[in-house]
Amino acid sequence: MGDISEAFKAKLAGLNASSQSIETLSHWCVFHRKKAKDLVKVWERELQGAAGKRKLVFLYLANDVIQNSRKKGREWVDALWPIMGWAMKHTLRNSSDEKTMRQCEKLVNVWQDRKIFGSRSLSGWLDPGGAGDDGANGQAADVAAKAAAKAEPAQGRNRDVPAFARRREERLDALPSALTGKRAALAKALEAAEAASAALAKANATCEHDLVDAYIADDVVENCPAGEEERCKIRLQAAESALAAKRAALEESAKANAEAARLAKEVHEECDASATAESAELDESATVAVKVATLRMKATRAAAKAMAAAAASEGAGSKNPKAVSPARAAEPAHEPAEETEDEPYVPEGGGGDDEEYVPMDAAGGGGGDVEALLATLREAAKDPEVFHEMLAALPPEQRAAIEAHMAD
């Protein structure tokens, strides 16, 4: 875990506000979502140590990660939720400019509207707590905000609601982020049916205790012993209450199960229709798949031949040849290689305007040609198909030299 945490720390150090930077690191985070709990700790530490103007970039990254990872799993949502309130307040306290406030409001509104963290209110996250710096007041506010955020999921939104009801309510609130339409309605109906079944089981248990045959026998009143009349009445009242509770539970359970069955039938029909249509589309796409595969094979052969020709030409014309990458070999000969700003060429040995130096044996040009071709083939060996196509495209004498060199 140390390696991936260090890698994440390094990536955060190079993070900037550009879309490309944020989306690239976001995709990396989604890929490593199983390690979200550990990576969030790194994110939190780096956010605390970041300069005031960079803190907003960390929130942008968190937003992109949680929105893109929700369909794959809730790992990042669950890991970020306990500290997001603190992170928002911390950013506002340390970046009090208008733009930061406006962007923070936008982020919170998006999370609230899309129910990223359920139906809980997030408006309190925009109150920085009155502290303008990271002094004693700011640090105390940070600790309080984090403690409140971590405590809220356990307490629920209404402390007076029983624990079971809170858990059920939170489950229902979480459904819209994963399910929509009839499927969300079915999930809620199944939850209601489960609750009704639990209530019915409780009513049955009460009936087993209170609705005893001996207590409701036809002659129970006439045969009641002297002095036991009040006790007999209480037993009958308890039996009546137990039966009424059972009937109410049966009615509720029947209605809940009927609604769940109705929605299940509709969802089943909808899924069945989708499966049929998608299966037909899959069959139709087989022809296109064969066509694309055929074209790819042709393109692979053409690229291999071009690479072989370029390598042979360059190896024969230079006493100090350089390995030719597959990308350069595939380019037309008249187009110069395009230099990029991201990876500028810097000679390691300080050779001035000379070509990059590649060590060679003192034997001369013939061995150098073989070495250049072999270097290109090794690059192509990452794809066995390209390697064999390229080897087959070489002139016989060069192919023999390469094979002899590889055999040695």
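# Questions about a helical model

Student: Where is K115 found?

Tutor: K115 is in the loop between helix 6 (98-113) and helix 7 (136-155). A helix here is a DSSP run of H or I with at least four residues, a strand is a run of E with at least two, and both are numbered from the N terminus. This is a predicted model, in which local features need pLDDT of at least 70 and side-chain atom pairs count only at pLDDT 80 or more, while totals for chains, interfaces and linings use all residues. Residues are numbered from 1 along each chain as its sequence is written, and side-chain values use heavy atoms, with hydrogens and water left out.

Student: Why is K115 called partly exposed?

Tutor: Buried means under 20% relative accessible area, exposed means over 50%, and partly exposed is in between (1.4 Å probe, protein chains only). K115 has a relative accessible area of 31%, so it falls in the middle class.

Student: What makes the phi of K115 worth a look?

Tutor: Its phi is near 55°, a positive value in a residue other than glycine. Most residues other than glycine have a negative phi.

Student: How do you know which elements make up the protein chain?

Tutor: Counting the DSSP runs gives 14 helices and zero strands. From the N terminus on, the elements run α-α-α-α-α-α-α-α-α-α-α-α-α-α. Buried residues make up 31% of the 408 residues.

Student: Let's turn to pairs of helices. Are helix 3 and helix 4 roughly parallel or roughly antiparallel, and how do you know?

Tutor: Helix 3 (residues 36-49) and helix 4 (residues 55-69) pack at an angle of about 155°, with their axes 9 Å apart. Axes are lines fitted to C-alpha atoms, for helices over the stretch in contact, and angles run from 0 to 180 degrees between N-to-C directions. Angles under 35 degrees count as roughly parallel, over 145 as roughly antiparallel, 65 to 115 as roughly perpendicular and the rest as oblique. The pair is therefore roughly antiparallel.

Student: What makes residues of helix 3 and helix 4 count as meeting?

Tutor: Contact means heavy atoms within 4.5 Å. By that test, W43, E46, L47 and Q48 in helix 3 meet K55, F58, L59, L61 and A62 in helix 4. By class, this contact has six nonpolar, one polar and two charged residues. Ala, Val, Leu, Ile, Met, Phe, Trp, Tyr, Cys and Pro count as nonpolar, Asp, Glu, Lys and Arg as charged, and the others, Gly among them, as polar.

Student: What is the handedness of the crossing of helix 3 and helix 4?

Tutor: Helix 3 passes helix 4 in a left-handed crossing. That name applies if the near helix is turned anticlockwise from the far one by less than a right angle, and right-handed applies if clockwise. The crossing of helix 1 and helix 3 is right-handed.

Student: How do you describe the relation of helix 4 to helix 6?

Tutor: Their axes come within 11 Å and cross at roughly 15°. The two helices are therefore roughly parallel to each other. L56, L59, Y60, N63, I66 and Q67 in helix 4 meet T100, Q103, C104, L107, V110 and W111 in helix 6. The residues of this contact divide into eight nonpolar, four polar and no charged.

Student: Why is helix 4 described as largely enclosed?

Tutor: Of its 15 residues, 14 are buried, so the rest of the structure largely encloses it.

Student: How do you know that the length of helix 4 agrees with its residue count?

Tutor: The expected span of a helix is 1.5 Å times one less than its number of residues. For the 15 residues of helix 4 that gives 21 Å, and its end C-alpha atoms are 21 Å apart, which agrees.

Student: Why is I4 called buried?

Tutor: I4 has 13% relative accessibility, so it counts as buried. I4 lies in helix 1 and touches W28, H32, K35 and L39, not counting residues up to four places away in sequence.
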